[in-house]
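Here's a quick tour for someone meeting this structure for the first time. Have a look at the sequence and the model, then read on.

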Amino acid sequence: AFACCNNLKNIEVSEESEYFSSIDGVLLDKKKEKLLSYPSGRDEKEYRVKEGVKEIGDGAFQGARIESVILPSTLNRIGDEAFRSHEGISEIILPPSLLSIGRYAFSHSRIKKIMIPPSVRDIGEGAFYSCSSLERVNILYGLIAIPDDCFISCNRLKEVILPESIRTIGKRAFSSSSITSIVLPSSLVTISDGAFYYCRDLESV
C-alpha cells in the first residue's frame with residue numbers, strides 16, 4: 001500500500017483499530033503476524049523483523065533503502081514483490097521455517113547470494129528476476145520445481161547448486177545468466193523451453 005513512498009518514515013496506527021497495528025513505525029496486521037509495510041523513507045541500515053511474524057506481505061519492503069533485514073524463526077511466507085527494487089540489501093538469510101517465496105519477491109534487488117532452505121516448497125515466477133548483483137545460488141534438498149523466469153537476467157550469476165529433489169526447471173529459469181557450468185540432478189524430469197537460453201558463458205552441463 002505504501003511501497004516506494006520515499007519520504008515516508010513512520011506509519012502509526014490507533015490502538016483502537018480492529019485490523020491494523022504498528023511496531024516502531026512499521027505497519028502490521030492486528031495480530032502482529034503479518035508485516036504489511038516498512039516505510040521506504042527510513043534511513044536505518046538494519047531492521048530485525050519481530051519474532052512471531054509469520055508472513056512478509058506483498059510489496060512490504062518494495063523500494064526500501066535498508067541494507068540488512070533479519071528475518072524471524074517464525075516466518076512461513078514471503079509475499080509477492082516483497083523486496084522488489086530493494087536497492088540497499090545485498091544479502092538475506094532465509095530461515096528454516098520458510099515455506100514459500102512469492103512472485104517477483106526479490107526481483108531487481110541487489111542481493112549477492114542466496115541459500116534456499118529445505119523447508120521451502122514453492123517459489124513464485126520471477127522470484128529473483130534481474131538481480132544484477134546475484135553471484136551464487138544454493139538450493140537445499142526439498143524444492144521440486146524452479147519456476148519460470150526465476151533467475152532470468154541475473155547477469156552476474158555464475159554458480160548454481162541444484163539438489164536431488166528438483167524435478168522441473170521452468171521456462172527461461174536461468175536465461176541470460178553467466179553460469180559457466182551446472183550439474184543437473186538425477187531427479188530432473190523436465191527442462192522447459194529457454195531454460196538456459198543465452199547463457200553465453202556456459203561451458204559444461
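By class, five nonpolar, one polar and three charged residues make up the lining of the largest pocket. In that scheme Ala, Val, Leu, Ile, Met, Phe, Trp, Tyr, Cys and Pro are nonpolar, Asp, Glu, Lys and Arg are charged, and the others, Gly among them, are polar. Before going further: this is a predicted model, where local features need pLDDT of at least 70 and side-chain atom pairs count only at pLDDT 80 or more, while totals for chains, interfaces and linings use all residues. Residues are numbered from 1 along each chain as its sequence is written, and side-chain values use heavy atoms, leaving out hydrogens and water.

Back to the pocket. Its volume is about 150 Å³, and its lining includes Glu91, Lys113, Met115, Arg136 and Asn138. A pocket here is an open set of points on a 1 Å grid over the protein atoms alone, where a 1.4 Å probe fits, with protein on both sides within 12 Å along at least five of seven lines; lining residues have an atom within 4 Å of a point. The volume is the space filled by probe spheres set on the points, which are joined across faces, edges and corners. Strand β9 gives the most to this lining, with three residues. Strands are DSSP E runs of at least two residues, numbered from the N terminus.

Not counting residues up to four places away in sequence, Glu159 touches Glu135, Arg136 and Val137; contact means heavy atoms within 4.5 Å.

Leaving aside neighbours within four places in sequence, its contacts include Pro163, Glu164 and Ile166.

Here is how the two residues compare on accessibility. Buried means under 20% relative accessible area, exposed over 50%, and partly exposed in between (1.4 Å probe, protein chains only).

| Residue | Relative accessible area | Class |
|---|---|---|
| Ser187 | 15% | buried |
| Glu159 | 36% | partly exposed |

Both side chains have polar partners. Ser187 reaches the backbone oxygen of Ile166 at 2.6 Å, and Glu159 meets the side chain of Arg136 at 3.2 Å. A polar contact is a pair of N or O atoms within 3.5 Å; within protein, one must be able to donate a hydrogen and the other to accept it, and residues adjacent in sequence count only if both atoms are side-chain atoms.

Ile166 is also among the residues touched by Ile146.

Conventions. Helix = DSSP H or I, 4+ residues; strand = E, 2+ residues; numbered from the N terminus.
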